[in-house]
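Subject: Structure handover, charged residues and surface patches

Hello,

Please find the structure below. My notes on charges, patches and a few contacts follow it.

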Amino acid sequence: GRVKQLDELEGEQREAAGEALRDLLYGDIRFGTRFRDWLRALKAGLEKRPSWRLVTALPALVHPRDHVCVRQSAFRREAAIFGPSRLYSRRPKRTAYQNFLRISKQTWERLEEEGYSPRDFLDIHDFIWATLRPSAEKHLEEE
């Protein structure tokens, strides 16, 4: 659903976003800078602000052992388990992504401590979403 928002990009904006995406996925400068440039390219070409999922889905799919797709509502709940929530923005930001990624790594470590073996951050995403999405509490109580 959210990726369809990319259809709004036209002409030079589409080209700029494509270049920023290529650099994000395969560039050799610091990831934070590449993430910032990708986010700027999306903001410049889209009517609405890009969502966390739109901004983080492609790096997570291409490099699932290095990056995570952020579902903001559930990930903020996960972050609250580990520390102050002020570090996590409702809107995509470079520093907030780095914090969400850190929380994802901590979640991975805790799952391993409990005897589980996540394969990649797609597993971490699914775990966080399954346990902390808005409807999860009711669903988990029923089981």
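Which residue forms a salt bridge with Asp123, and how far apart are the closest N and O atoms? The partner is Arg119, and the closest N and O atoms are 2.9 Å apart. Arg119 counts as exposed, at 59% relative accessibility. Please keep in mind that this is a predicted model.

Salt bridges

The count comes to three salt bridges. Besides the pair of Asp123 and Arg119, there is one between Arg22 and Asp23, with an N to O distance of 3.3 Å. Both of these side chains belong to partly exposed residues: Arg22 has a relative accessible area of 48%, and Asp23 has 34%. The remaining bridge joins Arg36 to Asp37, where the closest N and O atoms are 3.0 Å apart. Arg36 is partly exposed at 26% relative accessibility, and Asp37 is partly exposed at 31%.

A buried arginine without a partner

Arg71 sits in the loop that runs between α3 (52–62) and α4 (72–82). Is Arg71 buried or exposed, and which side chain of opposite charge is nearest? Arg71 is buried and has no salt bridge; the nearest side chain of opposite charge belongs to Asp126, 6.9 Å away. Leaving aside residues up to four places away in sequence, Arg71 touches Arg53, His125 and Trp129.

Surface patches

- Asp7 is placed in the segment before α1 (11–26) and is exposed, with a relative accessible area of 58%.
- Positive: the members of this surface patch are Arg40, Lys43, Arg49, Arg91 and Lys93. Lys93 is in the loop between α4 and α5 (94–113), and with a relative accessible area of 45% Lys93 is partly exposed.
- Nonpolar: Tyr26, Leu61, Val62 and Leu122 make a surface patch of about 390 Å². Tyr26 lies in helix α1 and is exposed, its relative accessible area being 57%.

Tyr26 passes the area cut-off because its relative accessible area is 57%, and Asp7 passes because its value is 58%. For Lys93 the value is 45%, so Lys93 passes as well.

Other charged residues and their surroundings

Lys4 is in the segment before α1. At 63% relative accessibility, Lys4 counts as exposed. How far is Lys4 from Leu54 in sequence and in space? The two are 50 residues apart in sequence, while their C-alpha atoms are 9.1 Å apart.

Asp66 is located in the loop between α3 and α4, the loop that also holds Arg71. Asp66 is partly exposed, with a relative accessible area of 47%. In sequence, 39 residues separate Asp66 from Lys105; in space the C-alpha to C-alpha distance is 9.6 Å. Not counting residues up to four places away in sequence, Asp66 touches Leu101 and Phe121.

Arg77 belongs to helix α4 and counts as partly exposed, at 37% relative accessibility. Which residues does Arg77 touch, not counting those up to four places away in sequence? They are Leu132, Arg133 and Pro134. Arg77 and Phe100 are 23 residues apart in sequence, with their C-alpha atoms 11 Å apart in space.

Regards

How values were computed:
Residues numbered from 1 in each chain as written. Predicted model: local features only at pLDDT ≥ 70, side-chain atom pairs only at ≥ 80, totals over all residues. Heavy atoms only, no water. Helix = DSSP H or I, 4+ residues; strand = E, 2+ residues; numbered from the N terminus. Buried < 20%, exposed > 50% of the residue type's maximum accessible area, 1.4 Å probe, protein only. Lys, Arg positive; Asp, Glu negative; His and termini not counted. Salt bridge = Lys/Arg side-chain N within 4 Å of Asp/Glu carboxyl O. Contact = heavy atoms within 4.5 Å. Patch = residues over 30% accessible without salt bridge, like charges linked within 9 Å, V, L, I, M, F, W, Y side chains within 5 Å. Areas by Shrake-Rupley, 256 points an atom, 1.4 Å probe, with all protein chains shown as cover. Charge placed at Lys NZ, Arg CZ, Asp CG, Glu CD.
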